[in-house]
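I opened this entry to record what I looked up in the model. The notes follow the order of the look-ups.

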Amino acid sequence: MAFEGLSSRLQNVFSKLRGKGKVSEEDVTEAMREVRLALLEADVNFKVVKEFVAKVKEKAVGKEVMDSFTPGMVIIDIVNKELTELMGGTQSKLAKSSKPPTVIMMAGLQGAGKTTTTGKLAKLLQKQNSRPLLVAADIYRPAAIKQLQVLGEQIKVPVFSLGDQTSPVEIARQGLQHAKDNHHDYVIIDTAGRLHIDADLMEELKQIHSEVKPDEVLLVVDAMTGQDAVNVAESFNAQLTLTGVVLTKLDGDTRGGAALSVKAVTGCPIKFAALGEKIDALEPFHPERMASRILGMGDMLSLIEKAQSNIDTEKAKEMERKMRNAEFTFEDFLEQMDQVKKLGPLDQLMDMIPGMGKMKQTKDLKVDEKQMGRIEAIVHSMTTEEKQQPDIINHNRRKRIAAGSGTSLAEVNRLIKQFDEMRRVMKQFSDMMGPKGGKNKAM
Ligand code: GDP
């Protein structure tokens, strides 16, 4: 996950402060020196770092802080607020035109993830009950049109294309008309990228801009490229007046400098963050939540939102009923694992739980997707009968399941033991609560 280095360095600085009943000016100076180094190492723009540290220091050495009961905590709070401010303060929402369709123009250099992000954005809008239209206006990169069409098919969003022989401006114009005629409320135009910024590219983008008069011009930049991403944003913004930036590849081990500098340097808010290659790996960017994640304070709000939009509540209720009545089977167990997986990679989820980001670095708590895979393999090797009535799984069956799943007898035994234990606890719970008790208490 991005920011790992920065996050653990900052948390170390603060764990020193947190314990102190009194904080001296020297303590603050020392802490700020370390914060400064941590930010520079995370590839944050040096001017941004300088200003940031000066601001925090000014507030932190104030009398109220020094005299408070928990000066360390107050300083962490100041840093949290300033980090949030640095990334834009509050969430910058996507525009919505009062006269639909809302026109979104996507721009970016080749490889930044522009086409993928275009598809992801359509998916996100679709989840909010919008009817987006995608327009394929990248006629230069081989296969860009096809790529968009495949994405569109995958999420069932129509893609407007005129092939690669019509000019991008004309494609954009006709695409917009098509959206109007077919009552789409959003049009997302995937424009061409280049390997580097050049005059031709800018000229074409300007022409498209003046033709479709977009409500949003979103620049897609690759967070892994650090300060380069910020420079790219600055150049595009000078010529095209961006309305927002989308940071991609935040799932990688980027040091995070781009996320922390882009707003301060360009004045453009980050509107979305992409955290993976999958179609639903795009999130609205919330500065305050990102700051909490960096400081290891978790991001429960995003986690809850993810759960709400991905978990089928009817199924969850049915699951709860089964647990209460001790009818839970291995089939249900598999389904639960599937639901959890829908929320995204485990280690990303861990980062959202306060304190977990740091805990996860300790060896014993390594979140292991592989382990989950092995458990699934074991359950898949059971017959339907075995899944539904785990009690019949005797020694011979266990040996067969281990062989079938490519695991060991010990692993199969362990899983079944854990499963029995789980059922026993569930049963105790439901007995404790009585036949009708705890109706609304989801487990
Ligand atoms: P474009 O040239 O800007 O249109 O770039 P593409 O959309 O084709 O993306 C380039 C590569 O980056 C593809 O392999 C994508 O799967 C990958 N990619 C895009 N966004 C992300 C992201 O958020 N995380 C990761 N890990 N990969 C991404």
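In which helix is Leu-148 found? I located Leu-148 in helix α7 (residues 144-155); helices are DSSP runs of H or I of at least four residues, strands runs of E of at least two, numbered from the N terminus. The model is predicted, with local features needing pLDDT of at least 70, side-chain atom pairs counting only at pLDDT 80 or more, and totals for chains, interfaces and linings using all residues. Residues are numbered from 1 along each chain as its sequence is written.

**Leu-148.** I then asked why Leu-148 counts as buried. Leu-148 is buried because it has 26 C-beta neighbours inside 10 Å (buried: 20 or more other C-beta atoms within 10 Å of its own; exposed: 12 or fewer; partly exposed: in between; C-beta atoms placed from the backbone). Beyond four places in sequence, I found Leu-148 in contact (C-beta atoms within 7 Å) with residues including Thr-115, Thr-118 and Asp-190.

**Cores.** I noted 98 residues in the largest nonpolar core, where Val-135, Ile-189 and Leu-247 have the most contacts. A nonpolar core is a set of buried Ala, Val, Leu, Ile, Met, Phe, Trp, Tyr and Cys residues joined through C-beta atoms within 7 Å. Apart from this core lies another, of eleven residues, among them Ile-375 and Leu-415.

How values were computed:
Contact = placed C-beta atoms within 7 Å.
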